[in-house]
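Here are my notes for your read-through. Please keep the viewer open as you go.

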Amino acid sequence: MVGNAARAAIISDRRITGLSAGVIAELVAEVGPLWRERHQARLASRQRKRVVGAGAKHQLVFVDRLLATLVHLRHGATHDVLACWFGVDRSTITRAIGEVRPLLAERGCSVTPGVRLQTLAQVVDHLGTTGKTGIIDGTEIRVRRPAAGRKDRDKFISGKNKQNAVKSMVVTDGEGHVLYCSPSEPGSCADITHARQLGLVRLLADGPAVEILADAGYQGLGAQTGGRVVTPPHRKFKQNAPDWYEEIHERRRKAHSSRRIRVEHGIAHLKNWRALARHLGRREHMSDIVQAVAGLLSHQRTADLIPTPQT
C-alpha cells in the first residue's frame, strides 16, 4: 500500500483524481461508513468458522480504495497499473473498485450543499420548484463488441455512430449543470424510446409545469406532455420554400439551438473522465460508472460554490 506521503500527494493534486482535497475528505466521511456497513453485512451473511474480524486484515484501507476508484474513473488506469501503484494484488484493486463504485453511483447529483437528486422524478420536482428550464440529450459511450454468437449482439450497435456503444440520457439545467444521468441502455435504443422507458412522459404530464428543451431526436414528446418538451421547429416546406420562411425558420432554429447547447457542455465535462470516453471493461458496469462520475462532478461544482473562509 502507499505511504502517507504518497497518499497526501495524490489527494493534494487535483489532476490525479479530478477532485479537490476537500471533496475527497467529504467522500471519505460519507461513503466510508457505508462501505464498512456493507462489508460487515457481507461477512455476517454466511456461515463462518471464525468470528467476524478474525484473520488477515485489509492491506488496502478505505481511503486508498476510494483513491484507486477515482484514478480509475478519471484516467482509465487499468487494474494492473493501480495494483503496482498501491502495492497490492490486482484482484484487490478489482474488488475495491467493484465495492466503492456502486456507492458513488447511489449518491445522485448535488444541486446545492445538502440537496441531491437521485431519481428522474426528483429532477422534475426540482425544476418545477425552482422554475428552471431543463435540457435533455442522449450520450453514447463506446464499449467492447460482444462475443460472436452472443444473444442480442446487434443491440449494442449504434445507428448513429455505427459502433458498439451504450447510451444514457443526461438532464441538465439551463446553465449546463448535470442534474441526472440515467442507467445505460444498448446503443440501438432510440433517444425518445429511452426517455419513454424512464417514465419522462408520465412525470411531465402529471407533474409540475416545467420547460424541457430537447433536440430533434425527441420530436413527439411535446404532444404527449402538453408542450412541456420543446424540440426544434418543423419545416413546413421540404422544397421550394419562400425566402421569408427560410429566414424565420433559421432564426427560430438557431434560437432553440443556442439554449439547448448547454447540455452538450455538461456532457463534455462528463467525457473528460476517461472511463466515459471509451470503456473496455464489462458493459454491465456502465450504469454505475456514468452515474458515479455525474455525482462526483456535481459534488465538486457545489463545493466550488462555497466561498473559502478568509483567514
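Which side chain of opposite charge is nearest to Arg301, and how many Å away is it? Point 1 takes this up. Bear in mind throughout that the model is predicted.

1. **Arg301.** This residue sits in helix H13. Arg301 is buried, yet it has no salt bridge. The nearest side chain of opposite charge belongs to Asp173, 5.4 Å away. A salt bridge would need a side-chain nitrogen of Arg within 4 Å of a carboxyl oxygen. Leaving aside residues up to four places away in sequence, Arg301 touches Ser110, Val111 and His177.

2. Strand E1 covers residues 109–112, and strand E2 covers residues 115–117. The two pair in the antiparallel sense, over 3 bridges. Thr112 has Val115 in E2 as its bridge partner. Together E1 and E2 form a hairpin with 2 residues between them. Look at Gly114 in the turn: its phi is positive, about 90°.

3. **Cysteines.** How many disulfides does a search of the whole structure find? The search returns 0. Cys181 is accordingly in no disulfide; the nearest cysteine sulfur is that of Cys109, 5.8 Å away. The cut-off for a disulfide is a pair of sulfur atoms within 2.5 Å. Cys181 has 3% relative accessibility, so it counts as buried.

4. **Helix H6.** This helix has 16 residues, 90–105. At 1.5 Å a residue, H6 should span 22 Å; its end C-alpha atoms are 23 Å apart, so the two values agree. The buried residues of H6 include Thr92, Ile93, Ala96 and Ile97. Charged side chains are also among them: Glu99 and Arg101 are buried. Further along H6, Pro102, Leu103, Leu104 and Ala105 are buried too. What covers the buried residues of H6? The cover includes helices H3 (21–44), H4 (62–75), H5 (79–86) and H13 (286–305).

5. **His249.** Not counting residues up to four places away in sequence, His249 touches Pro233, His234 and Arg235.

Definitions and conventions. Residues numbered from 1 in each chain as written. Predicted model: local features only at pLDDT ≥ 70, side-chain atom pairs only at ≥ 80, totals over all residues. Heavy atoms only, no water. Helix = DSSP H or I, 4+ residues; strand = E, 2+ residues; numbered from the N terminus. Expected span 1.5 Å × (residues − 1). Buried < 20%, exposed > 50% of the residue type's maximum accessible area, 1.4 Å probe, protein only. Contact = heavy atoms within 4.5 Å. Pairing = 2+ DSSP bridges.
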